Amino acid sequence: MLEEARDRKYNMYARIIQKAFKKYFARKRREQEKQEAADFLFGRKERKRASLNRNFMGDYIGLDDKPQILNLIGKKEKILFAETARKYDRRFKMSRKELILTNKYLYLIGREQIKKGVDKGNLVEVIKRKLSFNQLSHISLSTLQDGFLIIHVKEDYDSLLELIFKTEFLILLNKKYVQETGHILNIRFSNNLEFKIKKEGWGSGGTRQIHFMQSDYGNNEILKPNGKILNVWIGPGLPSTTKLNIKKSIMSVINNTMH
């Protein structure tokens with residue numbers, strides 16, 4: 001009887017320790033992701049306070065409940081990141097697109113009306129852009145805490161986007177880019193950016209510019225288009241040299257698990 005009681009107690013402690021280790025390694029993985037995010041932009045771009053200590057989720061649009069999008073991408077591709085992005089066109093008019101990063105491609109998915117048949121007038125998801133990693137030239141960002149980025153494409157037009165979770169997206173994109181091309185993704189920082197626009201009709205595409213300026217407006221961007229230039233004002237964020245302090249020992253996790 002004493003041996004059985006002892007074994008039960010040992011088993012209970014073993015389960016507690018096993019559970020604690022699982023929590024510890026899950027926490028360690030999340031902390032590593034946070035540290036990667038901090039290191040990725042360290043010294044180059046101001047940070048939003050809320051972005052420093054959040055956990056990465058990958059899917060921010062609930063793809064499990066969007067079979068139409070999953071059917072467009074196909075079952076053979078693993079989805080690494082998904083967010084509803086703001087996309088700006090040549091006139092700086094904003095539309096919402098699903099930005100999806102898989103192990104093979106980068107997608108922008110929008111919606112179009114069906115023009116014929118019994119479903120005429122209904123909206124359906126369509127692939128607006130599908131880019132392989134070899135097609136990417138570089139990424140441009142400002143040095144401020146805004147959410148804008150430009151995806152520059154070799155021998156084609158660029159895409160001006162605004163994201164909430166841009167750091168997570170860039171880290172995952174860079175990892176896949178390195179795996180596919182053997183090179184680190186070229187990321188450029190400047191408060192005066194230029195990007196190529198899509199050709200319309202017989203004319204050339206041309207370029208547009210986006211200028212960033214710091215203001216006292218807080219965390220929200222103020223956008224003011226002026227011809228071929230988009231002016232963006234945003235308040236100061238945390239310094240680009242902000243460091244994290246995220247270490248936590250396995251013993252503290254075990255103690256929390258036992259209580």
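View 1. Ile69 sits in helix 2 (residues 67-73); helices (H or I, at least four residues) and strands (E, at least two) are DSSP runs, numbered from the N terminus. This is a predicted model, where local features need pLDDT of at least 70, side-chain atom pairs count only at pLDDT 80 or more, and totals for chains, interfaces and linings use all residues. Residues are numbered from 1 along each chain as its sequence is written, and side-chain values use heavy atoms, with hydrogens and water left out. Ile69 counts as buried because its relative accessibility is 0%; buried means under 20% relative accessible area, exposed over 50%, partly exposed in between (1.4 Å probe, protein chains only). Setting aside neighbours within four places in sequence, Ile69 contacts Leu63, Glu98, Ile100, Ile109 and Glu125, with contact meaning heavy atoms within 4.5 Å. Glu98 lies 29 residues from Ile69 in sequence, and their C-alpha atoms are 9.1 Å apart.

**View 2. The largest nonpolar core.** This core has 26 residues, and the members touching the most others are Leu99, Ile139, Leu149, Ile151, Phe169 and Leu173. A nonpolar core here is a set of buried Ala, Val, Leu, Ile, Met, Phe, Trp, Tyr and Cys residues joined through side-chain atoms within 4.5 Å. Among the elements that each supply at least two residues are helix 1 (2-41), strand 1 (79-88) and helix 3 (166-181).

**View 3. Around Ile151.** Not counting residues up to four places away in sequence, Ile151 touches Leu106, Leu131, Leu136, His138, Ile139, Asp158, Ser159, Leu161 and Phe169. There's also a second, separate core of 14 residues, including Phe148, Ile150, Leu193 and Ile210.

**View 4. Strand 10 and its partners.** Five bridges join strand 9 and strand 10 in the antiparallel sense, with Lys196 opposite Thr207 in strand 10. Strand 10 (residues 207-214) pairs with strand 12 (residues 229-234) in the parallel sense over six bridges, and Met213 has Trp233 in strand 12 as its bridge partner. On strand 9, Leu193 and Phe195 make up the covered face, while Asn192, Glu194 and Lys196 make up the uncovered one.

Terms used
Pairing = 2+ DSSP bridges.
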